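Subject: A structure for you to explore

Hello! Here is the structure I promised to pass on to you.

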Amino acid sequence: MFPSSGDVAKSFYLEALRHFDDACIMHANHRFAAAITSSAKAVELAIKTSILLNNSMGWWDKVFSTHKPLDDIANHAVLKGIIPIVDAQDGSLRSAIIAIERLAPSAPGKNQFASDGEENTEYPYLGLDNSADPTTLKIFHPGEKFGLADSEKHLQTARRTLVAIAGGYKEVADWALKIPPLR
């Protein structure tokens with residue numbers, strides 16, 4: 001017998017909380033790129049929790065393969081039901097979630113350069129150095145690229161997302177799980 005969508009959703013939310021706690025620890029220790037990566041994972045898993053609680057088991061394969069669930073479902077006829085929950089938390093949360101999803105927390109894509117919007121918090125990546133004449137390719141290192149302000153911004157996005165999902169679903173509220181404090 002398969003687990004219920006609610007059981008799977010709870011597992012995803014527990015992992016979202018764990019990643020958020022990891023992000024807080026890394027942020028406190030000035031590991032800003034790593035903190036952003038964990039914040040992004042917390043956001044991803046929280047959004048996937050919502051998808052599962054909406055009984056979207058037909059989207060099962062995508063739940064396990066996408067790193068940008070909100071961006072993927074924003075125009076989906078049925079799955080976009082999460083949008084009002086996100087928007088009810090905070091009018092700017094949706095755009096903050098999509099921004100963190102676009103940080104590409106996975107291996108960089110082929111022929112994707114930072115000027116095209118792909119930045120990566122895990123791997124060194126190629127980007128266009130517009131300060132050089134002529135414009136040249138440069139290797140960007142996440143540990144040098146992302147700082148305190150970036151980390152704080154994405155930690156807040158992760159926290160606001162977790163709060164939105166907890167406040168938007170009775171099931172999540174009933175689990176009585178505590179969102180770790182910011183450090």
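Along the sequence, the protein runs in the order α-α-α-α-α-α-β-β-α-α-α. That gives 9 helices and 2 strands, where helices (H or I, at least four residues) and strands (E, at least two) are DSSP runs numbered from the N terminus. Please keep in mind that this is a predicted model, in which local features need pLDDT of at least 70 and side-chain atom pairs count only at pLDDT 80 or more, while totals for chains, interfaces and linings use all residues. Residues are numbered from 1 along each chain as its sequence is written, and side-chain values use heavy atoms, with hydrogens and water left out.

First, the protein as a whole. Of its 183 residues, 42% count as buried (buried means under 20% relative accessible area, exposed over 50%, and partly exposed in between, with a 1.4 Å probe and protein chains only). The protein exposes about 9,500 Å², and carbon and sulfur atoms supply 53% of that area. Accessible areas come from the Shrake-Rupley method with a 1.4 Å probe, and for residues only the protein chains shown count as cover. Among contacts (heavy atoms within 4.5 Å) between residues at least 6 apart in sequence, 58% join residues at least 24 apart.

Now find helix H2, residues 32–53. Its 22 residues reach 31 Å from the first C-alpha to the last, close to the 32 Å expected at 1.5 Å a residue; the expected span is 1.5 Å times one less than the number of residues. Why is H2 described as largely enclosed by the rest of the structure? Because 20 of its 22 residues are buried. Just after H2, asparagine 55 takes a positive phi of about 55°.

Next, the charged pairs. A salt bridge here is a side-chain nitrogen of Lys or Arg within 4 Å of a carboxyl oxygen of Asp or Glu, and the count by this rule is 7. Arginine 18 and glutamate 15 are 3 residues apart in helix H1 (residues 5–28), while arginine 18 and aspartate 22 are 4 apart in H1. An α-helix has 3.6 residues a turn, so residues three or four places apart point the same way. Arginine 18 is partly exposed at 38% relative accessibility, as are glutamate 15 at 33% and aspartate 22 at 24%.

Then look at threonine 161 in helix H8 (residues 148–168). Is threonine 161 buried or exposed? With 1% relative accessibility, it counts as buried. A polar atom of its side chain lies 2.7 Å from the backbone oxygen of threonine 157. Beyond its neighbours within four places in sequence, threonine 161 is in contact with Val43, Ala46, Ile47, Leu93 and Ile97.

Finally, turn to the surface. Leu126, Leu137 and Ile139 form a nonpolar patch there, with about 270 Å² of accessible area together. Patches are made of residues with over 30% relative accessible area and no salt bridge; like charges are joined within 9 Å, and nonpolar side chains (Val, Leu, Ile, Met, Phe, Trp, Tyr) within 5 Å. Isoleucine 139 sits in strand S2, residues 136–140.

Enjoy exploring!

Terms used: Polar contact = N/O pair within 3.5 Å; in protein donor to acceptor, adjacent residues only side chain to side chain.
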